[in-house]
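Visitor: I have a model open and would like to learn how to read it. Where do we start?

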Amino acid sequence: MVLRYVEDRFPGDYMATIGANFLVKSVNLTLDGKDVRVGLQIWDLGGHTRSTQVGRVFFQGVTGALLVYDITRPDTLEKIPLWQEQLRKYSPIATLYLVGNKNDLIDERQISTSEGQKAQTAYKVAHFFETSAKTGDHIQETFEHMAISIIELNR
Ligand SMILES: Nc1nc2c(ncn2[C@@H]2O[C@H](COP(=O)(O)OP(=O)(O)OP(=O)(O)O)[C@@H](O)[C@H]2O)c(=O)[nH]1
Ligand SMILES: [Mg+2]
């Protein structure tokens, strides 16, 4: 998702994120009808980061987070509360998004949109999106919705 958003590419082969990657992007956003230029600092955490000693370093000072699950794999949705717990502990003010990714995999879908929304309510996450890093569906919308929410909440 981050590569699709920042570099507009989708490498087909799986490369597990070791530790974390840090990316930056400058974007023009519209706030109160005015165009503003905003610098985004994005940490992409590997799936193993949560349970490590250094994990805490990445969670501190976070202003917003996308909690991403795979709509074809229920186990990934089940792990969301564990990530949430870390974020609430170290960054209580972070604006959270529940994101169901891979919505291009229509035949393999195991979590419906309404089940995703139910999880959003159950987990008390502020926002919900479904995306595809492969097709680009709702990628820009999700990141920029978060950027605008963060700015609005922190001014
Ligand atoms: N069809 C489809 N495949 C995707 C999509 N997003 C990611 N993938 C594939 O799913 C696999 C895992 O994607 P990653 O983005 O590396 O997953 P990750 O959550 O960063 O994994 P870790 O870094 O190990 O935590 C890769 O093979 C991707 O090509 C998507 O939207 N649609
Ligand atoms: Mg990764």
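Guide: Start with the order of the elements. From the N terminus on, the protein chain runs α-β-β-α-β-α-α-β-α-β-α. Keep in mind that this is a predicted model.

Visitor: How many helices and strands does that make in the protein chain?

Guide: Six helices and five strands. Next, look at the overall form. The radius of gyration of the protein chain is 15 Å, close to the 15 Å that the globule rule gives for 155 residues, so the chain is as compact as a globular protein of that length. Along its principal axes, the C-alpha trace spans about 40 × 35 × 30 Å.

Visitor: What share of the 155 residues is buried?

Guide: Buried residues make up 23% of the protein chain. Contacts tell you about sequence distance. Take the contacts between residues at least 6 apart in sequence: 68% of them join residues at least 24 apart.

Visitor: Now the strands. How should I think about pairing?

Guide: Strands of a sheet pair through backbone hydrogen bonds, either parallel or antiparallel. Both kinds of pairing turn up here. Three strands form an open sheet in the order E3-E4-E5, with parallel pairing. Strand E3 (64–70) and strand E5 (127–130) are the edge strands, and each pairs on one side only. From one strand to the next, the twist averages 25 degrees.

Visitor: How many bridges hold E3 and E4 together?

Guide: Seven bridges, in the parallel sense, with strand E4 covering residues 95–101. Val-68 stands opposite Val-99 in E4.

Visitor: And on the E5 side of E4, how many bridges are there?

Guide: E4 and E5 pair in the parallel sense over four bridges. Gly-100 stands opposite Glu-130 in E5.

Visitor: Is E4 mostly covered or mostly open?

Guide: Covered: seven of its seven residues are buried. Check which way they point. Thr-95, Tyr-97, Val-99 and Asn-101 point one way from E4. Leu-96, Leu-98 and Gly-100 point the other way, and all of these residues are buried.

Visitor: Which helix lies across E3 and E4?

Guide: Helix H4 (residues 80–90), which runs at about 165 degrees to E3.

Visitor: Where is the antiparallel pairing, and which strands make it?

Guide: Strand E1 (residues 20–31) and strand E2 (residues 34–45) run antiparallel, joined by 12 bridges. Leu-31 has Lys-34 in E2 as its bridge partner. E1 and E2 form a hairpin with two residues between them.

Visitor: What should I look for in the backbone angles of a turn?

Guide: Most residues other than glycine have a negative phi, and most peptide bonds are trans. Asp-32, in the hairpin turn, has a positive phi of about 50 degrees. Asp-8 also shows a positive phi of about 50 degrees, although it is not a glycine. Asp-8 sits in the loop between helix H1 (2–7) and E1.

Visitor: Which residues does Val-125 contact, leaving aside its neighbours within four places in sequence?

Guide: Leu-67, Leu-96, Tyr-97, Leu-98 and Gln-120.

Visitor: Last, the ligand. Which residues are closest to ligand 1?

Guide: Tyr-14, Ala-16, Thr-17, Gly-47 and Lys-134 are the closest of the 13 residues that surround ligand 1. Then sort the shell by class. It has four nonpolar, six polar and three charged residues.

Technical notes
Residues numbered from 1 in each chain as written. Chains lettered and ligands numbered in written order. Predicted model: local features only at pLDDT ≥ 70, side-chain atom pairs only at ≥ 80, totals over all residues. Rg over C-alpha atoms; globule rule 2.2 N^0.38 Å. Buried ≥ 20, exposed ≤ 12 C-beta atoms within 10 Å, placed from the backbone. Contact = placed C-beta atoms within 7 Å. Pairing = 2+ DSSP bridges. Axes fitted to C-alpha atoms, helices over the stretch in contact; angles between N-to-C directions. Near = placed C-beta within 6 Å. Nonpolar A, V, L, I, M, F, W, Y, C, P; charged D, E, K, R; others polar.
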